[in-house]
Amino acid sequence: MDCSGCNKCKVAVCSIDTKCQLLDRSLMDQWGAVSFPIYQTATFAHPGLGESTGYDYTRMQNPTRKQLETIVANLENGKDAIAFSSGMAAIATVMELFEPGDHFIIDEDLYGGSIRLFNEISKKNGLEYTAISLSNEDPTPFIKENTKAIYLETPTNPMMNVTDIQKLSAITREKKLLLIVDNTFLSPYFQNPLDLGADIVIHSGTKFLGGHHDTIGGFVVVKDEEIDERLRFIYKTTGAGLSPFDSWLILRGIRTLAVRLERAQENALKLAQFLKNNKHVTKVIYPGLPEHPGYEIMKKQARGFGAMITFEVESEEFARKILNNVQLIYFAESLGGTETLITYPITQTHADVPKEVLEKNGISGRLLRLSVGIEGIEDLIKEFTRVFEA
Ligand SMILES: *Cc1c(COP(=O)(O)O)cnc(C)c1O
């Protein structure tokens with residue numbers, strides 16, 4: 001357990017649950033508002049010539065966003081966190097660290113939007129990449145002279161493949177590559193990649209951190225000052241910062257991160273077991289099931305297994321029947337909120353992924369993804385029982 005405490009809050013805390021509540025008190029106003037204010041302003045007045053409050057213009061800095069960034073940096077044990085207008089804006093900014101001609105290695109199973117970014121934007125900007133299965137392939141033979149980074153998710157979206165971050169970081173450290181981990185699926189509540197040797201952590205704040213399907217945001221968390229400075233420079237120059245109101249929503253979401261995730265995870269395990277025993281379900285992929293190949297690694301590197309389940313049903317027709325019949329849960333893209341969502345990767349999150357990549361990764365018309373919410377488990381099971389028998 002990390003008891004090093006909080007950068008700016010002047011108290012040493014051990015518990016990640018407490019870190020969700022720790023605000024930077026030095027940013028608080030003279031009224032002592034416990035719900036941190038939304039500083040809805042584009043610009044800030046200077047006290048005098050050559051003087052600054054530390055805030056000049058909201059594209060560069062904003063106190064509400066700063067408060068959020070402080071809390072996210074603490075949750076990930078980072079030096080700094082930068083809040084972006086979306087997860088994709090965060091990833092696009094990280095890619096700006098590279099130069100034309102640079103090469104990077106990615107996991108072949110990734111969020112569809114990330115694959116689209118690498119294919120359609122990064123390539124145009126002169127970057128090249130090699131996609132391999134990092135959960136069961138050694139990247140060493142794929143490292144070239146111009147390789148600069150390894151980029152992955154663990155568990156991956158949607159196949160839930162688990163990579164040993166610490167093991168991988170021994171390679172990236174030796175070869176002087178950046179190790180970039182998209183930690184969206186577990187959130188900092190369950191996993192802290194920087195502690196395991198990663199250099200950069202990315203989050204879609206839209207998901208578990210925001211937690212209510214009501215806003216879009218993203219984060220980059222770093223531990224190295226030089227990388228932080230370069231990212232801050234790109235960020236203020238390109239203007240992809242999170243708005244004050246959206247910063248406030250995610251700040252509020254984080255207050256309940258611990259309790260939401262505990263409940264969602266509890267539901268996920270029960271639902272995974274229920275699905276496993278259903279005759280229409282041909283495969284259940286949840287890393288909290290001991291038969292999952294990543295189970296032992298997860299136990300070592302994470303504090304939990306999360307609330308995402310991928311499962312496969314007997315036919316494409318059956319998958320479509322489920323999607324057409326859900327009532328309590330929503331057939332919707334996204335994840336990480338209080339409501340359970342069911343997603344059809346092949347037409348939604350991974351619609352733009354090349355067909356051969358889908359096939360190689362096992363993403364078929366029989367595959368469904370669940371983001372388990374915090375409803376009563378009896379009702380979720382009743383819903384599935386009804387839908388399966390419809
Ligand atoms: C949603 C998601 C993203 C993109 O985030 P947005 O906030 O939608 O831009 C990136 N990575 C993963 C794993 C995601 O689930």
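Residues are numbered from 1 along each chain as its sequence is written, and side-chain values use heavy atoms, with hydrogens and water left out. Because the model is predicted, local features need pLDDT of at least 70 and side-chain atom pairs count only at pLDDT 80 or more, while totals for chains, interfaces and linings use all residues.

The chain is assigned two parts, domain 1 (37-254) and domain 2 (257-389); such bounds come from an automatic or database domain assignment. The C-alpha centres of domain 1 and domain 2 are 25 Å apart. Their contact (heavy atoms within 4.5 Å) takes 40 residues from domain 1 and 42 residues from domain 2. The size of an interface is often given as the accessible area lost when the parts come together. Between domain 1 and domain 2, the buried area is about 3500 Å², with 60% of it given by carbon and sulfur atoms. Buried area here is the accessible area (1.4 Å probe) that two parts lose on being put together, summed over both.

Helices (H or I, at least four residues) and strands (E, at least two) are DSSP runs, numbered from the N terminus. Strand S2 (residues 103-107) runs parallel to S3 and is joined to S3 by 5 bridges. Within S3, Thr-130 is the bridge partner of Ile-105.

Axes are lines fitted to C-alpha atoms, for helices over the stretch in contact, and angles run from 0 to 180 degrees between N-to-C directions. H2 (residues 63-75) also packs with helix H8 (residues 244-255), at an angle of about 35° and with axes 8 Å apart. Residues in this contact include Leu-68, Ile-71 and Val-72 of H2, and Trp-248, Leu-251 and Ile-254 of H8. By class, the contact of H2 with H8 has 9 nonpolar, 3 polar and 1 charged residues. Ala, Val, Leu, Ile, Met, Phe, Trp, Tyr, Cys and Pro count as nonpolar, Asp, Glu, Lys and Arg as charged, and the others, Gly among them, as polar.

A further open sheet has 5 strands in the order S8-S9-S12-S11-S10, again with mixed pairing. Its edge strands, strand S8 (281-285) and strand S10 (330-331), each pair on one side only. Strand S9 (residues 308-313) and strand S12 (residues 367-371) run antiparallel and are joined by 5 bridges. Met-308 stands opposite Ser-371 of S12. Helix H9 (residues 257-276) packs on the sheet and touches S8, S9 and S12, its direction making about 10° with that of S9. Helix H11 (residues 316-325) lies across S9, S10, strand S11 (341-343) and S12, and runs at about 130° to S9.

The loop between strand S4 (147-153) and helix H5 (165-174) contains Pro-155. A cis peptide bond, with omega about -5°, joins Thr-154 and Pro-155. Pro-158 lies in the loop between S4 and H5, and the peptide bond from Asn-157 to Pro-158 is cis, with omega near 5°. Met-160 is also found in the loop between S4 and H5; phi of Met-160 is near 60°, a positive value in a residue other than glycine.

Notes
Pairing = 2+ DSSP bridges.
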